[in-house]
Amino acid sequence: MDPEHIAHVAHRAECTHVHPGYGFLSESPKLASLFRPPGSAHADGMSVNATNIRFVGPSVETLKIASDKMQCRELATSQGVPVAPGTRVHSAEDTRKFVRALGRDAFPIVIKALDGGGGRGIRLVRTDDEIEDAFRRCIGESGSRLVFAEKALVGPGWRHVEVQIVGDGHGTATHLWERECSIQRRFQKVVEIAPSTLSREVVEPLLQASLKMARHLRYAGLGTFEFLVNDRSKKWIFLEINPRIQVEHTVTEEIMGLDLVRVQLLLSLPGASLAAVLPTYSRPPSPPRGYAIQLRLVAEEPRESFRLSTGTITSSDVSWPGGRGIRVDTWLCSRYCGTLLSPEWIVGMDFDSLLAKVIVYGGSFEEATFRAIRALKETRIQGEVRTNVGLLAGIIAHQDWAAQSVHTRWLEDNVKEVSQSGKLALRLPSRDTVPSARPPSTTPRMSGGTDAAPGLLLQPGASFQLSLTPAPPNLAGQAQNHSLVLSSIGHNAFPSQLSGTIITSFSPTPLSFALSQLSTITTSSQYEFANPQDSSHVASPLSGKVVELHPALASVADGSATGKRVRKGGQLVVVSVMKMENIVTAPAGGKVLRLGKGIQVGAIIREGVLLFCTCIVPNMSFMDEIRKIPPVTRFLCGSTLGVTLPVLLQIVSPNRVIFVKELVTRDFEVWRAFTSFFIGGSGINFVFDIAML
């Protein structure tokens, strides 16, 4: 995302306005500075290059503060608005110092990128052992590579509330009430509602704090001021400013009867005032009417740790809900999209997985909830791309949602129960056991470069000749030919899924099979797949870009070393998906034998690709490892220690005794016997060895 390039395109196209949306550049002071109106000047009084193109958003000065979360905190403190304890940190050690300064009950804390957002560049840390990795991940996901640490206020009672502010840049600002975004996963919002179900007495201080800061900034355009509120203690703190239109602005539009993008555009015109653009709302608005709920439909598989689901979607795959009080904002059209050709869209891993926003409105909270469930029942995304529609239904149908006893960690704490609730709410059988509801097509469809007609071309009794030949075929006569018959089909959603029973010439008995398409990301022949039956193979659990390799893997890759050890649970590979970094850990301890074919930093891989092979070293207890040492060696070592240790301890302070890891030879691992002298006095070695013999 290059601001100068965008400015060049805007001038070449003779644009009148540049609207940054809510993408990566929406909070960029640099982009806004390229479209300063005539007569503008820097804060130091120097003139700047003027342009007749209007930037739709706050001033450059406001963006410099709002795009830096620490400056936002400083603004709040200067205006008497409470914030959680926090500080800038430049290393993991700085973070540990901050934890020590907090004293007792310091954890959990949260590490945040100054320019993070949407769950990117933020990690919750519950123990000291997690600090190092969390710090690295936040740095890796931050464009500025600057982070800060803050006391985390999470768990039961804590709810996420944000206030919608609109100002004209002349010191006049008002609010358009608040939204609640407590249903989150990994700090990414999943369901939003406006207004909050908290009492007006609890919300009022947040409204006033937002207005106070907005008027101080002489805020121009739309902005969201975010807070955490404890519905038990009524304590609240300020989080940050989002100086742009939000993804969830739709629910505010529904309860206020406004088009917020239109408001943005009108306020960007020269001489615009809040009184002229919003005459009804320039003074404190009337209480909100009814409730609106937004449900974020994303291409993720909740049953598989919310794995990104990539693939191709056609217009015939899509069916959206309709009716009074239901709105769908999406980039996908249904089969009735007014075109003779059926368009296709590819869900990849470079951009956000959001497919649609399903927004419902009702005169009461109960009416909006009921309408949301009906809308989700009518939502269909068929084919190879999975969605979280069942999870959304589980949230809305859950008793905690009805009682509004949710909090910012509620979804992550109850994800299995919520998923099960969603199945019941939608009354949808498992996708693994029922045929797809996709209507049959008479025209084969291109998917991943292969013609296929889902649910049509494959029938029980179909027979095939299977020829297996090495690629490239170097020797003649190497082909292996087999017969294969589909004796039964259990689930036919090919190429997405296919299961059933086959009879083949290479097995005397029928075989059950289940074929599931992992991804439609093109995989080059330079990669190899892991064998799920081989415990030494470590596969990538998701598709993405390799951005970091453990030193043990990197040394194997460049040929500088082999056989380096990795420990169980160690962080081996970092895979980036949609700008967020995911960790692949070692399932067991062992020695690295080799990397998978083509695995290197920068490689684009898909799930199931072999990352590396290990020689697994079983975990043994201390006593098991002692027993590996020959009895005679144990006896001699113990006897020697029993005689010499008292003398050594008189000469050398125990605090300075240096334990030499590898004393005799690695083959017999005699050094492990020496750890016994840490157990106690000089005579314990004799007792220990007699017991072991």
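Strands S10 and S11 form a hairpin, with 5 residues between them. In the turn, Lys234 has a positive phi of about 70°. These values come from a predicted model. Strand S10 covers residues 220-230, and strand S11 covers residues 236-242. The two strands run antiparallel and are joined by 6 bridges. Phe227 has Phe238, in S11, as its bridge partner. Burial was examined next for S11. Of the 7 residues in S11, 7 are buried, so the strand is largely enclosed by the rest of the structure.

Among contacts between residues at least 6 apart in sequence, 67% join residues at least 24 apart.

Two helix pairs were then examined. Two packed helices are described by the angle between their axes and by the distance between those axes. Helix H5 spans residues 92-102, and helix H6 spans residues 131-140. Their axes lie 9 Å apart, and the packing angle is about 120°. The crossing of H5 past H6 is right-handed. On the H5 side, the contact is made by Ala92, Thr95, Arg96 and Val99. On the H6 side, Ile131, Glu132 and Phe135 take part. By class, this contact of H5 with H6 holds 4 nonpolar residues, 1 polar residue and 2 charged residues.

The second pair consists of helix H11, residues 365-377, and helix H12, residues 389-397. Their axes come within 10 Å and cross at roughly 160°. Angles over 145 degrees count as roughly antiparallel. H11 and H12 are therefore roughly antiparallel to each other. Their crossing is left-handed. From H11, the residues in contact are Thr369, Ala372, Ile373 and Leu376. They meet Val389, Leu392, Ala393, Ile396 and Ala397 of H12. The contact of H11 with H12 divides into 8 nonpolar residues and 1 polar residue, with no charged residues.

Technical notes. Residues are numbered from 1 along each chain as its sequence is written. This is a predicted model: local features need pLDDT of at least 70, side-chain atom pairs count only at pLDDT 80 or more; totals for chains, interfaces and linings use all residues. Side-chain values use heavy atoms; hydrogens and water are left out. Buried means under 20% relative accessible area, exposed over 50%, partly exposed in between (1.4 Å probe, protein chains only). Helices (H or I, at least four residues) and strands (E, at least two) are DSSP runs, numbered from the N terminus. Two strands pair if DSSP finds at least two bridges between them. Axes are lines fitted to C-alpha atoms, for helices over the stretch in contact, and angles run from 0 to 180 degrees between N-to-C directions. A crossing is left-handed if the near helix is turned anticlockwise from the far one by less than a right angle, and right-handed if clockwise. Contact means heavy atoms within 4.5 Å. Ala, Val, Leu, Ile, Met, Phe, Trp, Tyr, Cys and Pro count as nonpolar, Asp, Glu, Lys and Arg as charged, and the others, Gly among them, as polar. Angles under 35 degrees count as roughly parallel, over 145 as roughly antiparallel, 65 to 115 as roughly perpendicular and the rest as oblique.
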